[in-house]
Amino acid sequence: MTKVPWVETLRQRLFATWWDTAITLVCLYIVWRISVPLFHWLLLDANWSGTSREDCKSPGACWVFVRMRFGQFMYGQYPVPERWRVDLVGILLVMSVAALSWRRSLVIPALIVLPPLGVWLLHGGWGTGLRVVETREWGGLMLTLFLAIYAGLIAIPLGILLALGRRSRLPLIRFASVVFIEFWRGVPIITVIFLASLLLPLIMPTGFDVDRLARAVIGLAFVIAAYMAEAVRGGLQALPEGQTEAAQALGLGYWRIQRLIVLPQALRIALPAMTNEFIALFKNTTLVLIVSIFDLLGIAQAALADPAWVGMNMEAYVFAGAIYWFACFGLSQWSRLREKRLQVAHGR
Amino acid sequence: MRGALRFLRDGKVRDVLWQVAATIGMIAVVAFFVRNASENMVKAGIASGFSFLWRDSGIEVPFNITGYKPSDSILGLLWTGIVNTLLVSIAAIVVATAIGFSVGLLRLSRNWLLSTLAGFYIEFVRNIPLLFFVLFWYFGVLAALPTPRDSMSFLDVAFLNRRGLSVAMPNDVTGFRIALLATLILIAIQIVLARWAKARQARTGQAFPTWTAGFVICGLLPLLAFVAAGMTTSWDLPVLRGFNYRGGFVLVPEFVALFAALSTYTAGFIAEVVRGGILSVRRGQIDAARALGLSPGRIIRLVMIPQAMPVIIPPITSQYLNLVKNSSFGAAIAYPEVVAVFMGSALVSTGQAIEIIAITLAIYLVLSLAVSAFMNWYNSRHRLVTR
């Protein structure tokens, strides 16, 4: 009797023994019972066209709700005629990422020029003809991305400095770095966001107001910087001591050794761990909800209170949850792919 | 001139100068902030000091097991918050560990469908924010439960509806206290017995059915004690009066939502830890155990688990710590844990932001430091054992 290869594989992996067969059948039944109603609700019985709640007649999901509120999910209360500015910033972001992966030497100038340009475009005012859009009008996915990117822009350099500080041979610098890292890692992020929004106005000179959104960005950035520092430290520890010693023998100074020899190698090793921390940051941006800043999840939550769309809880959650899931899953897959490619390149 | 500055080229001098400069910089920044803060506080008329802790709180806490009343002090309020934090954390840790270990083991199953489903679960919970799950359970799932009038009843002693889970409570807990004490004593006996059995096996080679004995001593006997305790007391049953159930013990929906979200979310992370730990056991160890003729159950118990545990325990401890810290997400749905009652309600009523923030952070910091101290102790102990 000849064996068909894929049938044989199937037999081995699903029906090897009686016990395996029973488990497989039970699993198949459960999957069937869950996925069929879900599929009906999500797609087959869903309502796609119309303009109001009354147009959702079939028993499935009412995607009309998401369609009608799509602008809010993306931009929050950002004024409609000004939304092109957000799109422009988005396009600039994608283009600059593409340009930077093509030419690495542009990274430092881009990091100095682009972030202020983004804030300037989004906020307006300050000598431009653009209308001022206060940060309390920002919201939705745009705000989520803003929080993650700007907190990340502070957290990554700060984290690298802290990691270097923790391995410094100067005891005071080492001590200060350890205290900073352990303090922010030891407290819940929600308390840090509270802390930033309550304490920052208090410790600034009178008349100097820190923007509500900026407080949240700073709070998030400090916590993530502490976690980033630990990720970078992992990379630094994985580097053989000989690298630094060889550089010292060549007569390079501390900062040059770090910049030219140590960090390029250590960051490459630490990249997967750093990506994980960035994913954690992305997920934790949702916590700004408790200081009444409406990011994607906050907008979904606020939409539940709209009397015109009562009972759209599931639709709002599924839509927001799907965006978070795809973003985080995509990032982690990208990092895994890079890791694998790196291992191949190193012949491991 | 050049000679005068030559000492700057000395590495040791430069080290000292760097540190002095850094210290002065840090002190200057802190002093600047403190000066601003004290100025601003005087201007806003905010009191300082910790005497507010002994004042009456006047804050209602809808869910507490400490017997707290609004006429109690703010210290009492803080204590209630801590107890609520620990309550939801411990419950969630137990369930998250159970789910996490099961999913982690299933992920390694030979059955392709089973391991794929476990993988789906892990990727699903790990890539979505925890706050999403908390809100989803609270506003999506629990809000969809029936009204009190149409509650789901479990043998007429527990009722589930959108106002929470009402459970029958014993009127007299003395019997349960005795049963609990008996259980603790039985556990101590079991530990002594296990030590004795191990020592005897090492000496004479005679095996002792420790696990069977443990099942009877730590499982069956305590169960009997609790059943006996339950028989001796009368019960306060929840009864529908008006719009809701009265009597019994009510688990509020906030607790249920936070507990469900925390345990299912953390389970995804624990599953990955467990998988990694088991995969770290070398294939040769299992082959060698099989060659010695050990049964599959014994291979798992005597070879795999003892070698996987040292890899699993440190990261799992930090997951537990994360869970305790994440219980602060309860503030988003008004579950009365530390952050909600203290950083929220008490701060609003007293206005003493700095003191309250400091106390809250201190509580979490003490907890984190204790856990990392435990981890360091565990790691050093383990390092001594391996060769």
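## Ground rules

Helices here are DSSP runs of H or I with at least four residues, strands are E runs of at least two, and both are numbered from the N terminus. This is a predicted model, where local features need pLDDT of at least 70 and side-chain atom pairs count only at pLDDT 80 or more, while totals for chains, interfaces and linings use all residues. Residues are numbered from 1 along each chain as its sequence is written, and chains are lettered from A and ligands numbered from 1 in the order in which they are written.

## Where the chains meet

Chain B puts 45 residues into the contact and chain A puts in 44 (contact means C-beta atoms, placed from the backbone, within 7 Å). On the chain B side, the elements giving two or more residues are α1, α3 (112-126), α4 (130-141), α9 (296-326), α10 (338-350) and α11 (353-385). The most comes from α1(B), with twelve residues. By class, that side has 28 nonpolar, eleven polar and six charged residues. Ala, Val, Leu, Ile, Met, Phe, Trp, Tyr, Cys and Pro count as nonpolar, Asp, Glu, Lys and Arg as charged, and the others, Gly among them, as polar.

Take α1(B) (residues 11-44): helix α8 (residues 171-186) of chain A packs on it at about 35 degrees, with the axes 8 Å apart. Axes are lines fitted to C-alpha atoms, for helices over the stretch in contact, and angles run from 0 to 180 degrees between N-to-C directions. From α8(A) come Leu172(A), Ile173(A) and Ala176(A), which meet Gln19(B), Ala22(B), Thr23(B) and Met26(B). That makes five nonpolar, two polar and no charged residues.

## A helix pair inside chain A

Helices α7 (residues 140-166) and α10 (residues 212-238) of chain A cross at roughly 45 degrees, and their axes come within 6 Å. They are therefore oblique to each other (under 35 degrees is roughly parallel, over 145 roughly antiparallel, 65 to 115 roughly perpendicular, and the rest oblique). Residues in this contact include Leu147(A) and Arg166(A) from α7(A), plus Ala216(A) and Arg233(A) from α10(A). The class tally is 21 nonpolar, one polar and two charged.

## The sheet in chain B

Chain B has an open, antiparallel sheet of four strands in the order β1-β2-β3-β8; strands pair if DSSP finds at least two bridges between them. Each edge strand, β1 (152-154) and β8 (249-251) of chain B, has a single partner, so one side of each lacks a neighbour in the sheet. From one strand to the next, the twist averages 20 degrees.

Strand β3(B) (residues 164-167) is joined to β8(B) by three bridges, and Leu165(B) sits opposite Leu251(B) in β8(B).

Note on methods:
Contact = placed C-beta atoms within 7 Å.
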